[in-house]
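Me: I am new to this structure. Please take me through one part of it closely, then widen the view.

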Amino acid sequence: MRALLVHNAQAGTDPVPRKKIEAVLHDVGIETIYCAHAQDDLADALRRPVDLVIAAGGDGTVADVVASLEDTGRPIAILPLGGSNNIAHALGVGGPWHDLPRRWSLDAWTRLDRCEADGPWGCKPFLEALGTGVLTDSFEETDEEPASPAEKRDNGRAAFAAALARAEPFHCAVASDEWDWEGDCLMIEAMNIGFVGSRLALAEAAVPDDGLLDVVIITPEQREDLLRWMERPDDWPCPAPARKAVSVRITVHERPIRLDDRSPDEDLTGTVDVRVRSSWVRILDAGEDG
């Protein structure tokens, strides 16, 4: 089998070198073409004739590969090497990364939807979530040099709780074919998978292949409930309900709008049309161990 290996050599708190990944892949009969994420030309690499594309890194690497793949009949395999690994977790891909390749089968895969947004910066793809407010603010305060994935997750959650505690309300309007909402909120997230940030399950019931967005809106009245939830967010569902929609139009002013983990332009704001793309991708299942 021939595969394109898209690798982020800086992913996670203990980065895995290229040679170690290639050795594991070669042991199971996978010949690789290498692409260094954020350094080599990803679009050009994805046009190479291969049987499989392997995204080895964190959520940013996986999202870039998924969003950029044009030949959607070609499956993607994930080697989760990041701190949160939200996308892999949402798809049930877990365990030691070096155990996964021997369990892959090109015939065993899960559908993953992809999203896009038309805004003042043009049309941009995203995979995890589009939003603004508390989560976006918390990204600016997270410790960039944690010693372990657990510490990185704890730091991210602490930053989220701190941003939530002091957040100022802002006006937001949301319109969809199914429902409308307008008022003051602390955060809005239009989600494709159930997890955001430091693996926070804001939309636990989200399904990554249902063709729908899960929209979570946190109002000032829900602040205290959410702060209590943040004390043990893995133990019970998020108290804020998620609203489903095929597409939504979100309007905010003087707030940066974030796609996944970054804003296309922090100086541009206004109205954004968000939708699930018509084309989806195939993600190889983790398979059974043993």
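Which residues does S198 touch, not counting residues up to four places away in sequence?

Reply: First, the ground rules. This is a predicted model, in which local features need pLDDT of at least 70 and side-chain atom pairs count only at pLDDT 80 or more, while totals for chains, interfaces and linings use all residues. Residues are numbered from 1 along each chain as its sequence is written, and side-chain values use heavy atoms, with hydrogens and water left out.

Now S198. Leaving out residues up to four places away in sequence, S198 touches S84, K152, R153, G156 and R157. Contact here means heavy atoms within 4.5 Å. S198 sits in the loop between β11 (187–191) and β12 (213–218). Helices (H or I, at least four residues) and strands (E, at least two) are DSSP runs, numbered from the N terminus. S198 counts as buried, at 11% relative accessibility. Buried means under 20% relative accessible area, exposed over 50%, and partly exposed in between (1.4 Å probe, protein chains only).

R74 is another loop residue. Its place is between α3 (59–68) and β4 (76–80). R74 is buried too, with a relative accessible area of 10%. The side chain of R74 reaches two backbone oxygens: that of L46 at 2.9 Å and that of R48 at 3.2 Å. These are polar contacts, meaning pairs of N or O atoms within 3.5 Å; within protein, one must be able to donate a hydrogen and the other to accept it, and residues adjacent in sequence count only if both atoms are side-chain atoms. Residues up to four places away in sequence aside, R74 touches L46, R48, V50, D51, L52, V53 and L69.

Next, the helix α3. Seven of its 10 residues are buried, so α3 is largely enclosed by the rest of the structure. Those buried residues are D59, T61, V62, A63, V65, V66 and A67.

Two arginines sit over rings. The charged end of R18 lies over the ring of Y34, 3.9 Å from its centre. The charged end of R255 lies over the ring of F170, 4.8 Å from its centre. The rule: NZ of Lys or CZ of Arg must be within 6 Å of the ring centre and within 35 degrees of the ring normal.

Last, the cysteines. The whole structure has zero disulfides; a disulfide is a pair of cysteine sulfur atoms within 2.5 Å. The closest cysteine sulfur to that of C185 is in C172, 4.5 Å away, which is too far for a bond. C185 is buried, with a relative accessible area of 0%.
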